[in-house]
Amino acid sequence: RCAPEREPFRLGNRQSQTASQLRQFAQRDAQLGESRDLWHRGIGHVRICDLTQSYTPTSGGVRTYLLEKQAYVNSSAEHDHLLVVPGADDNVQRSGRLTIVSVASPSIPGCAPYRFMLRMDKVRRALAEFAPDVIEVGTPYLLPWSAFRHRRRAGAVVTGFYHTDFP
């Protein structure tokens, strides 16, 4: 059973939660002696990454949420956004500060058009090239491990959630 459409992404309380996480990140960086400027004109320039299995190019609540998030970043913030999702083939789409990386992935039996990302080398490469400050993982299984590995190597903040109707 695939997830039904949901309401589009709204900032609401999420903005203050993200700001709080970024403040904690900046404090940790200051303690480590790193020179990240997260406070230039408010929060400042941050590289944000979303990793999810639950994305199709044509429909779904997760897709709606992520595209609304990208629209907000593109129109209202100074940040860069990377979205890593499963796709029919390997593909990179760039538009200004927005990047979508599709990783060729097999279809999930009985739940087309959803796909299951297995090629973590491609995910790790995208993380290494984009070098996000914050990674939001919206799925269990394999993707969190790539985020945790990037956190160990680059010091990114990793958050996660699971809002998919898939076991």
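**Entry 1: Asp 50 and Lys 69**

I started with a salt bridge between the side chains of Asp 50 and Lys 69, 2.9 Å from N to O. My criterion was a side-chain nitrogen of Lys or Arg within 4 Å of a carboxyl oxygen of Asp or Glu. The pair links distant parts of the chain, with Asp 50 in strand S1 (residues 47-51) and Lys 69 in helix H2, 19 residues apart. I took helices (H or I, at least four residues) and strands (E, at least two) as DSSP runs, numbered from the N terminus.

This is a predicted model, where local features need pLDDT of at least 70 and side-chain atom pairs pLDDT 80 or more, while totals for chains, interfaces and linings use all residues. Residues are numbered from 1 along each chain as its sequence is written, and side-chain values use heavy atoms, without hydrogens or water.

I then looked up accessibility. Asp 50 counts as buried at 2% relative accessibility. Lys 69 is buried too, at 8%. The classes are buried under 20% relative accessible area, exposed over 50% and partly exposed in between (1.4 Å probe, protein chains only).

**Entry 2: around Asp 90**

I found Arg 119 in a salt bridge with Asp 90, the closest N and O atoms being 2.9 Å apart. Arg 119 sits in the loop between S4 and H3 and Asp 90 in the loop between S2 and S3, so the pair ties together parts 29 residues apart in sequence. Arg 119 is partly exposed at 28%. Asp 90 is partly exposed at 39%.

Asp 90 also meets Lys 122 in a salt bridge, 3.8 Å from N to O. Here Lys 122 lies in helix H3, 32 residues from Asp 90. I read 24% relative accessible area for Lys 122, which is partly exposed. Shared partners also join Asp 50, Lys 69 and Glu 136 into one salt-bridge network. My search of the whole structure gave 5 salt bridges.

**Entry 3: second largest pocket**

I listed 15 lining residues for the second largest pocket; Val 92, Val 101, Lys 122, Ala 126 and Glu 129 lie nearest its centre. On a 1 Å grid over the protein atoms alone, a pocket is an open set of points where a 1.4 Å probe fits, with protein on both sides within 12 Å along at least five of seven lines; lining residues have an atom within 4 Å of a point. Strand S3 (91-95), strand S4 (98-104) and helix H3 (120-130) each give two or more residues to the lining. H3 gives the largest share, 5 residues.
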